[in-house]
Amino acid sequence: MDIDQDTLLLMLRRMWMIRNFELKVMEVHEAGEFTGAAHPYIGEEAVAVGACAALEDTDYIAGNHRSHGHPIAKGGRVDKAMAELYGRVDGYCKGKGGSMHLADYSIGILGESGILGSSVPVAVGAALAAHIRGENFVSLAFFGDGASNQGALHESMNLASVWNLPMIFLCENNQYAVTTSYAETVAVEHVSDRASAYNMPGLLVDGQDAIAMYEATSEAVNRARAGEGPTLIEGLTYRYEEHSLGLGRVRRGEYRTQEEIDSWRKRDPLDILEKALISQGIATREECDAINAETVEEVEKATDFARNSPFPEPEALFEDMWANPIPQP
Amino acid sequence: MAQTVFIEAINQAIAEEMRRDENVYIMGEDIRRAVYGATADLLGEFGDKRVLDTPLSENGFFGAAIGSSLVGMRPIVETLTSFMWVGMDQLISQAAKMRYMFGGQATLPVVFRATMFYGGGSAAHHSDRSYPMFMNMPGIKIVVPSNPADMKGLLKAAVRDDDPVIIFEDGTLFGMRGEVPDDADLPQGELVVPFGEAKIVREGTDCTIVGIAGAVNHAVVAANTLAAEGVSVEVIDPRTLVPFDKQTVLDSVEKTGRLVIADPAHKVCSAASEIASIVAEEGFWSLQAPIQKVASEQVHIPYTPALEKLVYPTADKIAAAVRRTLES
Ligand SMILES: Cc1ncc(C[n+]2csc(CCOP(=O)(O)OP(=O)(O)O)c2C)c(N)n1
Ligand SMILES: [Mg+2]
């Protein structure tokens, strides 16, 4: 597949943005600048970035608790994302959602969900709207290997298939749900095998390879726009860090080996994309490093923006409950 | 003014709203062939894209309705209260919470029509009157019509409202006839009943009865019985529980000094409990007697008619409660 150079460079930029955003989040969380759960996406950047590069701003996504990568991959703003983590008024959700609930309705990010599997039917609803109105947009739901066991996903795949909806189900198989290996909890060898039960294609993709993710998602998007219905994609990937920030401090049993972590780290998604760009003459080493450095800079600015943004005033507690407001009881 | 059956009023409201706005569509189980009656003839007029028969996947299609509402559709979902448990995650985690959680970005004009089939030997799995559970969760507007005209006008208002709404349709009223005004006879040209405006069904001076859904009619029967005994009862139908028009109730209690609340839901943490607490907090000095709740017993709904009839509020129980308030 021919991918234009601008798309590839944008993908690299967004992947570095996610990596550097997450590194910063880990640093400031450790320093106690904000509290609350946050689930780093480090190691999995190619999945969301490759997938979202195949979408337009008018297409929709919905995601889960591992929630920083999806909006950044879809073109969301890191300053508003960081301010949300800090609980400030300039955050995406004015501080009401926090890390697990980023959303940007101006570019089709319908929101991340802390309840796993729960955002998948919602994403199907956006695809249903396209179907009813005869419009051309598509919808994509991110979910983990763990959430692939949720009934909500299975009901959604069946619905999308019987209604022939422009829908993409994207499983980020990072091998574990917290400490539980997917091999122990998923009855089939690959999550993508489940597609056959719902009469849709199931694509098993190297999730460390952004270009492969882009190509697979483009294929699914093309099918969806052509009225050929939904696709299930499984990106095989790996979470480098602990399940969530702070969890490393909790005493718990081991569930993965250092060898396993090291072997995945050898196939780092940024390294893989940079090598591809350099070997194809699309970017030089220096240009790649410059992109990295620029995103470090942007994340620094976003962090300052977050720190300088005020906390919401007490009146905000009662705001945003209703579109057509009613008296507070 | 036409005499209209309750279920026919539902059908009129849906059809009129679908005609008015092409983003309105309806989904549910077996609605094309209208097994529950309310969706008769919609398929023929509006076609299969706007009249969707769903698989048995309440969690899935509730969520799809919610998601479509986020991007401009105005879905009406037909279901039964008892099937809502299966789709509860979508109702609570998504419909109720999304707007607030996303700082006001999400707008969810989605309506769930949840029928309460109770009192007819449907037993524990098909007889739920679950609105109090949803009152406890911020983020969902809750409607409890008690007659055909309000059913029609409130459903039309629900479709036009930009927030998630659950209409608890009382199945004991489905065959009820009532006057539904013709649009031409209305000053505003159509029947739309605004949320948060209680209706004084009958005026009185000795005791106030607030009735919920089907219990409004039992309250009226009780009021008639009591009138023969020389007791003047005011009957109030709140029509919506979220928002709740507390002022009408407080004003009435100020006049009568007594309050009975008739609520088909289970009595613990019922709508009646909440209304009692509002009046205890804000209308205490008007009260001349303890507030009486007449709600369903805290047991599951038994199948046998011999036992089921003991569970719910009846006109007799309500009248007895009014008499208790007059003893003191
Ligand atoms: C419905 C639900 N059950 C349990 C949890 C607690 N929980 C949070 S993350 C997680 C593991 C998720 O695993 P997976 O879906 O593979 O996503 P990953 O964290 O690996 O990205 C669990 C069990 C939850 N948030 N929601
Ligand atoms: Mg996982």
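A polar contact is a pair of N or O atoms within 3.5 Å; within protein, one must be able to donate a hydrogen and the other to accept it, and residues adjacent in sequence count only if both atoms are side-chain atoms. This is a predicted model, in which local features need pLDDT of at least 70 and side-chain atom pairs count only at pLDDT 80 or more, while totals for chains, interfaces and linings use all residues. Residues are numbered from 1 along each chain as its sequence is written, chains are lettered from A and ligands numbered from 1 in the order in which they are written, and side-chain values use heavy atoms, with hydrogens and water left out.

| Residue | Residue atom | Ligand 1 atom | Distance |
|---|---|---|---|
| A:Gly114 | backbone N or O | nitrogen | 2.8 Å |
| A:Asp145 | polar side-chain atom | oxygen | 2.9 Å |
| A:Asn174 | polar side-chain atom | oxygen | 2.8 Å |

Taken alone, ligand 1 exposes 580 Å², and the protein buries 72% of that (Shrake-Rupley method, 1.4 Å probe). Around ligand 1 there are 15 residues, the closest being A:His65, A:Arg66, A:Gly114, A:Gly146 and A:Tyr176 (a heavy atom within 4 Å).

In chain B, the domain assignment, automatic or from a database, gives domain 1 (2-185) and domain 2 (199-327). The contact between them (heavy atoms within 4.5 Å) takes 26 residues from each of domain 1 and domain 2 of chain B.

The largest nonpolar core has 160 residues (buried Ala, Val, Leu, Ile, Met, Phe, Trp, Tyr and Cys joined through side-chain atoms within 4.5 Å; buried means under 20% relative accessible area, with a 1.4 Å probe and protein chains only). This core lies between domain 1 and domain 2 of chain B because both give residues to it. A:Phe169, B:Tyr131 and B:Phe168 have the most contacts inside it.

Technical notes: Buried means under 20% relative accessible area, exposed over 50%, partly exposed in between (1.4 Å probe, protein chains only).
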